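Trainee: I have a structure open and would like to go through it with you. Can we take it piece by piece?

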Amino acid sequence: MAFEAPAAETLLTAHRELEKLVLTARQQRIKESVAAPYGDLVHEGQLLDPVCRDIEALLISSQQRVTGEVHLLFRPGSLFIEGVESPYSLMAASKGVYGEAVGEWTPTDALGFSKIVALPGVFYRRAGENSAGSAKP
């Protein structure tokens, strides 16, 4: 925890935990990717640049579902997250369960997904084989 501003650090940490629970991974990555350039624009006095409105629209939209409760544990010099709850929890929305029980997909769906995800590797191997076959000794 930051000793300079422990309250701010606590709020930022709790907010980040809520975001992890309710935003998709892509939403989180895009939000983080625009945060630093936006901060730079503000720092440089470029707040009137139209791109700031664009970034702000994305940031505001990304926060619509960031609500809930974060349970914290404080120890001297440390902050621990003990739990996070939100009505918009992506984890709670999933029917996925551990083990053999059918959740969001069937075994056939899983096989198809595995084939699709493996395609870049298949293409890489195939391109190497094609190249090796056409190479002159």
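**Helices, burial and salt bridges**

Mentor: Start with the buried residues of α1, which are Thr10, Thr13, Ala14, Glu17, Leu18, Glu19, Leu21 and Val22. Keep in mind that this is a predicted model.

Trainee: What covers the buried residues of α1?

Mentor: The cover includes helix α2 (25-43), strands β1 (69-75) and β2 (78-85), and helix α4 (90-93).

Trainee: How many residues does α1 have, and how far does it reach?

Mentor: Helix α1 covers residues 6-22, so to speak 17 residues, and reaches 25 Å from its first C-alpha to its last. That is close to the 24 Å expected at 1.5 Å a residue.

Trainee: Back up a bit. What is the order of elements in the protein?

Mentor: From the N terminus on, they run α-α-α-β-β-α-α. That makes five helices and two strands.

Trainee: How much of the protein counts as buried?

Mentor: Of its 137 residues, 15%. The protein exposes about 10700 Å², and carbon and sulfur atoms supply 61% of that area.

Trainee: And what share of the contacts is between residues 24 or more positions apart?

Mentor: Among contacts with a separation of 6 or more, such residues account for 49%.

Trainee: Next, α2. What span should its 19 residues have?

Mentor: At 1.5 Å a residue they should span 27 Å, and the end C-alpha atoms are 28 Å apart, so the two values agree.

Trainee: Where does α2 bend?

Mentor: At Ala35, by about 25 degrees, with a proline, Pro37, following within four residues. Just after α2, Gly45 takes a positive phi of about 75 degrees.

Trainee: Which residues of α2 are buried?

Mentor: Lys31, Val34, Tyr38 and Leu41. The buried residues of α2 pack against α1 and α3 (50-62).

Trainee: Is Ile30 buried, exposed or partly exposed?

Mentor: Ile30, which lies in helix α2, has 44% relative accessibility, so Ile30 counts as partly exposed.

Trainee: You listed Lys31 as buried. What does its side chain meet?

Mentor: The side chain of Glu19, in a salt bridge of 3.3 Å, N to O. Lys31 is in helix α2 and Glu19 in helix α1, so the pair ties together parts that are 12 residues apart in sequence. Both Lys31 and Glu19 are buried.

Trainee: How many salt bridges does the count come to?

Mentor: Five. One of them joins Glu56 and Arg53, with the closest N and O atoms 2.9 Å apart. Glu56 and Arg53 both lie in helix α3, three residues apart, about one turn of the helix.

Trainee: What about Arg125 and its salt bridge?

Mentor: Its partner is Glu129, at 3.0 Å between the closest N and O atoms. Arg125 is partly exposed at 46% relative accessibility, and Glu129 is partly exposed at 44%.

Trainee: Which residues do salt bridges with shared partners join into one network?

Mentor: Glu19, Lys31 and Glu32.

Trainee: Last topic, the surface. Which residues make the nonpolar patch?

Mentor: Ile116, Leu119 and Phe123 make a patch of about 290 Å². Ile116 lies in helix α5 (residues 107-134). With 58% relative accessibility, Ile116 is over the 50% cut-off and therefore counts as exposed.

Note on methods: Residues are numbered from 1 along each chain as its sequence is written. This is a predicted model: local features need pLDDT of at least 70, side-chain atom pairs count only at pLDDT 80 or more; totals for chains, interfaces and linings use all residues. Side-chain values use heavy atoms; hydrogens and water are left out. The expected span of a helix is 1.5 Å times one less than its number of residues. Buried means under 20% relative accessible area, exposed over 50%, partly exposed in between (1.4 Å probe, protein chains only). Contact means heavy atoms within 4.5 Å. Patches are made of residues with over 30% relative accessible area and no salt bridge: like charges are joined within 9 Å, nonpolar side chains (Val, Leu, Ile, Met, Phe, Trp, Tyr) within 5 Å. Accessible areas come from the Shrake-Rupley method with a 1.4 Å probe; for residues, only the protein chains shown count as cover. A salt bridge is a side-chain nitrogen of Lys or Arg within 4 Å of a carboxyl oxygen of Asp or Glu. The bend at a residue is the angle between axes fitted to the seven residues ending there and the seven starting there.
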